[in-house]
Amino acid sequence: GRCLLLCKPSALAQHLVQSLGRSAVLWGGQWPWPRWPQLQMLRQLLQLPEPEPVVARELLQLPDAGLVALDWLVGPWGSAGGGGGISSAVLLLIPNAAGKVTRGLLQLGLQALERGFIPVIFNRRGHNGCPLTTPRLQPFGDPGDLREAVTYLRCRHPTASLLAVSEGSGSGLLLAYLGESGSSSCLAAAACLSPIFRGRDWFEAGMPWLYEWPLLLHLKQGLSRYAGSLAEVVDMDRLMGSRSLRELEESLFCRTRSRPSSWEVYWERNEPLRDADEAAVPVLCLCSADDPVRGPPARSLPMELFRSSPYFFLLLTPRGGHCDFPRRGPGRCWGHEAVLEYFRAMAEFLRTDERRKGLPRPR
């Protein structure tokens with residue numbers, strides 16, 4: 001409809017424009033209250049929880065003895081994606097930075113499962129019931145743990161394409177990984193739903209209390225389970241007394257007992273786009289101009305990146321809120337349909353390109 005695709009001209013960009021243009025995804029009906037993104041956010045928070053899908057959890061041990069959890073979605077259409085011998089595409093789902101697996105992320109995973117993908121949710125250390133075995137959490141833009149998970153998935157499914165999609169502030173982790181890994185990322189394509197591009201600016205500007213306070217309480221509730229072990233490295237009184245996400249982030253990663261650091265140095269190491277020029281994987285960023293969490297487009301969207309890099313694509317819609325992109329009827333988030341259509345278009349383009357060049361498919 002009125003969506004804008006901003007990107008550097010290329011054969012890949014032209015193919016994506018044609019694929020999305022032919023698709024009915026972007027031409028769906030509008031939500032009754034399109035001009036009130038805060039109301040959309042309230043609707044997300046007040047929705048009654050649905051029965052969660054069954055997941056098969058794997059705990060992956062990291063080199064420093066820490067643990068991350070991989071939750072393979074299991075639906076009524078088949079068994080867990082962790083089974084061997086499956087050559088379908090593996091879809092890695094990355095929740096927001098608070099580790100909250102939202103209803104929308106689960107719906108995306110189930111839609112992908114219906115279409116033959118193998119969806120798996122990446123849970124950071126100490127998040128979503130994943131045990132915290134070391135007094136260390138994952139900083140906002142440190143992709144080390146994600147890299148270990150991707151390596152494991154590549155070994156587990158060596159013949160399958162590996163895709164990734166992140167939600168909200170969790171996109172900081174995915175973008176940092178793509179920049180640091182470059183052409184060695186092992187991913188065929190990636191997508192970000194309502195991403196946060198500039199981490200420091202986002203923390204310093206703050207968010208609407210309707211969004212910030214529930215996330216803050218969610219994080220404190222999870223961290224309180226590990227108060228004994230974390231007390232060795234952080235000031236728990238300061239941590240639990242944090243009144244904003246910025247204060248909590250500083251308490252966890254800057255004002256530590258063992259390796260104190262400044263706020264400036266922390267973001268030199270953790271800005272999501274610090275190595276964006278090195279990214280070598282197509283990335284679709286689906287954003288809304290009225291996103292109340294990310295902030296105004298003029299200061300929160302890196303327009304020059306999309307104009308100069310052949311790998312970054314911005315699909316900008318006038319209204320859609322934060323990770324919501326609502327529409328009437330079944331499958332109420334058209335953003336999920338757009339992401340799955342994007343992955344289909346990428347696979348089609350790569351197959352055509354391989355046939356044109358006469359290249360064998362990588363084993």
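Modeller: Happy to! The largest cavity has a volume of about 50 Å³. A cavity here is a set of points on a 1 Å grid over the protein atoms alone where a 1.4 Å probe fits but cannot get out. Points are joined across faces, edges and corners, and the volume is the space filled by probe spheres set on them.

Biologist: Which residues line the largest cavity?

Modeller: I196, F197, R198, D201, W202, R294, R299 and S300, where a lining residue has an atom within 4 Å of a point. Two elements give two or more residues to that lining: α6 (199–205) and α12 (297–300). Helices are DSSP runs of H or I with at least four residues, strands are E runs of at least two, and numbering starts from the N terminus.

Biologist: How does that lining divide into nonpolar, polar and charged?

Modeller: Three are nonpolar, one is polar and four are charged. Asp, Glu, Lys and Arg count as charged; Ala, Val, Leu, Ile, Met, Phe, Trp, Tyr, Cys and Pro as nonpolar; the others, Gly among them, as polar.

Biologist: Before I go on, what kind of model is it?

Modeller: It's a predicted one: local features need pLDDT of at least 70 and side-chain atom pairs pLDDT 80 or more, while totals for chains, interfaces and linings use all residues. Residues are numbered from 1 along each chain as its sequence is written, and side-chain values use heavy atoms, leaving out hydrogens and water.

Biologist: New topic: N123. Buried or exposed?

Modeller: Buried, at a relative accessible area of 1%; buried means under 20%, exposed over 50% and partly exposed in between, with a 1.4 Å probe and protein chains only. N123 sits in strand β5 (residues 118–123).

Biologist: And what does N123 touch?

Modeller: Leaving aside residues up to four places away in sequence, R57, V68, A69, D71, V101 and N128, with contact meaning heavy atoms within 4.5 Å. The N123 side chain also makes a polar contact with the D71 side chain, at 3.0 Å.

Biologist: Great. And the chain overall?

Modeller: The protein chain has 14 helices and nine strands, and 54% of its 363 residues count as buried.

Terms used. 1 Å grid on protein atoms, 1.4 Å probe; cavity = no way out; pocket = protein on both sides within 12 Å on 5 of 7 lines; lining within 4 Å. Polar contact = N/O pair within 3.5 Å; in protein donor to acceptor, adjacent residues only side chain to side chain.
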